[in-house]
Amino acid sequence: MTRTLRGAIALAGAAALSLGAVSMSAAQPGAAAAKQGEVKIGLLLPESKTTRYEKFDRPYIEQKIKELAPDAQIDYYNAAESATTQQQQVNTALAKGDQVLILDAVDSKSIQSSVQKARDAGVKVVAYDRLAQGPVDAYVSYDNRKVGELQGQALLDALGDKADSGQIVMHNGSPTDPNAAEFKAGAHSVLDGKVKIGKEYDTPNWDPNNANQQMSGAISALGKDNIVGVYSANDGLAAGIATALKASGINVPLTGQDAQLDAIQRILLGTQTITVEKPYKPEADIAATMAVDLAEGKELPESLTPTTVTSGSGEKVPANLLTPIVVDKNNIKDTVVKDGLYTVQEICTPTYADACKQAGLQ
């Protein structure tokens, strides 16, 4: 099947499945099928409350696509945490004639029908960071169970002899994010039987405000003197949790993930213990390379998909899983600074100058 025909099928499928879609005869030029040799990629990210997506993922992916295919058309969408919005955005991308979608799903289950629409239209889907259900063509992320194991072990290490002297609180992230379930499973594999879990929460939409309210409720229920540590699945949640802990005069070990700037600064101050860095550029580069190869009709080489994973809907998906890194006060310079996420100047603003000196950053 030629790329022109595939593009026409994509447009027809989207028109039939999306309210308000135009017919083939009335289609605007932007919705026309891609010409031979053209590269048209839709980039669909889930939200912007977590700083990584707009600050790192989007620019890195777009930069790599343009490096590999300078004339590529990139259609960008951010779903603002709405699964319904993201489904509509997939319809729009199909109507525009995008050949490949790089998709970071808001809700891995509800997006399955949209992934199937793409498959039916001859459009490839690269699942990015979160494994969407449905017939995905390739997946790139980090070893998410390993992330949870690293977080759980770091919390145990920080607790030391206090591990059995009180209770911990767990904040596991959004129940619609398949990664959250893997973080949770990895953390439990380390923590179960070694600590008492006083309260445990899923946090819809990874919302820091929800995490703050949950932590405040846990403090009221358990008593502030009985809490010895907090597992937080990411840095956004940790921000809300840290605020609740501070308001109650509690300073206990607290985990995180994503190496957000505010988390690095909390680590310097001692109000967060660790974060897990998942360097964005390698992940973004792999996703972009997969997308360009697929748009050009190439088979993905084994070097890009060295393993296989099974999605929640049972599909076997060629995958590339990268290795996460624990960041604490002692290795900030050798991790997030060395990897180019932040400069020392960005981290060490006047508020954090003394802590930076003590950590050897200045």
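Aspartate 129 counts as buried, at 3% relative accessibility. The structure is a predicted model, and aspartate 129 sits in its loop between β4 (124-128) and β5 (138-142). Leaving aside neighbours within four places in sequence, aspartate 129 is in contact with Arg52, Tyr53, Asp104, Tyr139, Val140, Ser141, Asn144, Asn179, Lys278 and Glu283. One of these contacts, Tyr53, is also among the residues that lie nearest the centre of the largest cavity.

**Cavities**

- Two cavities of 30 Å³ or more are found in a search of the whole structure.
- The largest cavity holds about 120 Å³ of space.
- Its lining consists of 14 residues, and those nearest the centre are Tyr53, Arg130, Trp206, Asn234 and Asp258.
- Helices α2 and α6 (178-191) each contribute at least two residues to the lining of the largest cavity.

- Strand β1 (residues 40-45) is largely enclosed by the rest of the structure, because six of its six residues are buried.
- Burial applies to both faces of β1: Lys40, Gly42 and Leu44 lie on one side, and Ile41, Leu43 and Leu45 on the other.
- β1 runs parallel to strand β2 (residues 73-78), and six bridges join the two.
- Within this pairing, leucine 43 stands opposite tyrosine 76 of β2.
- Together with helix α2 (residues 52-68), β1 and β2 make a right-handed β-α-β unit.
- β1 is also parallel to strand β3 (residues 100-103), to which four bridges join it.
- On the β3 side, glycine 42 has leucine 101 as its bridge partner.

**Nonpolar cores**

- In soluble globular proteins, nonpolar side chains tend to be buried together.
- The largest nonpolar core has 49 residues, of which Ile102, Ile332, Val336 and Ile347 touch the most other members.
- Helix α10 (residues 280-295) gives the most to this core, supplying 10 residues.
- Another core lies apart from it, with 38 residues that include Ala180, Leu237, Ile241 and Leu245.

**Helix α9**

- Buried residues in α9 are Ala263, Ile264, Gln265, Arg266, Ile267 and Leu268.
- The buried residues of α9 pack against α8, β9 (275-277), β12 (325-327), α11 (333-337), α12 (344-347) and α13 (353-358).
- Glycine 270, which follows α9, has a positive phi near 90°.

- Most residues other than glycine have a negative phi.
- Asparagine 205 is not a glycine, yet has a positive phi of about 60°.
- The loop between β7 (196-201) and α7 (208-222) holds asparagine 205.
- With a relative accessible area of 38%, asparagine 205 is partly exposed.
- Alanine 259, also a residue other than glycine, has a positive phi near 55°.
- Alanine 259 belongs to the loop between α8 (235-247) and α9 (261-269).
- The relative accessibility of alanine 259 is 0%, so it counts as buried.

**Other loop residues**

- Serine 311 is placed in the loop between β10 (307-310) and β11 (316-322).
- Its relative accessible area is 6%, so serine 311 is buried.
- Residues up to four places away in sequence aside, serine 311 touches Leu131, Ala132, Gln133 and Gly134.
- Glutamate 38 lies in the loop between α1 (3-17) and β1.
- Glutamate 38 is partly exposed, with a relative accessible area of 33%.
- Glutamate 38 and glutamate 296 are 258 residues apart along the chain, and their C-alpha atoms are separated by 8.0 Å.

Definitions and conventions:
Residues are numbered from 1 along each chain as its sequence is written. This is a predicted model: local features need pLDDT of at least 70, side-chain atom pairs count only at pLDDT 80 or more; totals for chains, interfaces and linings use all residues. Side-chain values use heavy atoms; hydrogens and water are left out. A nonpolar core is a set of buried Ala, Val, Leu, Ile, Met, Phe, Trp, Tyr and Cys residues joined through side-chain atoms within 4.5 Å. Buried means under 20% relative accessible area, exposed over 50%, partly exposed in between (1.4 Å probe, protein chains only). Two strands pair if DSSP finds at least two bridges between them. A crossover is right-handed if, with the strands pointing away from the viewer, the path from the first strand over the helix to the second runs clockwise. On a 1 Å grid over the protein atoms alone, a cavity is a set of points where a 1.4 Å probe fits but cannot get out, and a pocket is an open set with protein on both sides within 12 Å along at least five of seven lines; lining residues have an atom within 4 Å of a point. Grid points are joined across faces, edges and corners, and a volume is the space filled by probe spheres set on the points. Contact means heavy atoms within 4.5 Å.
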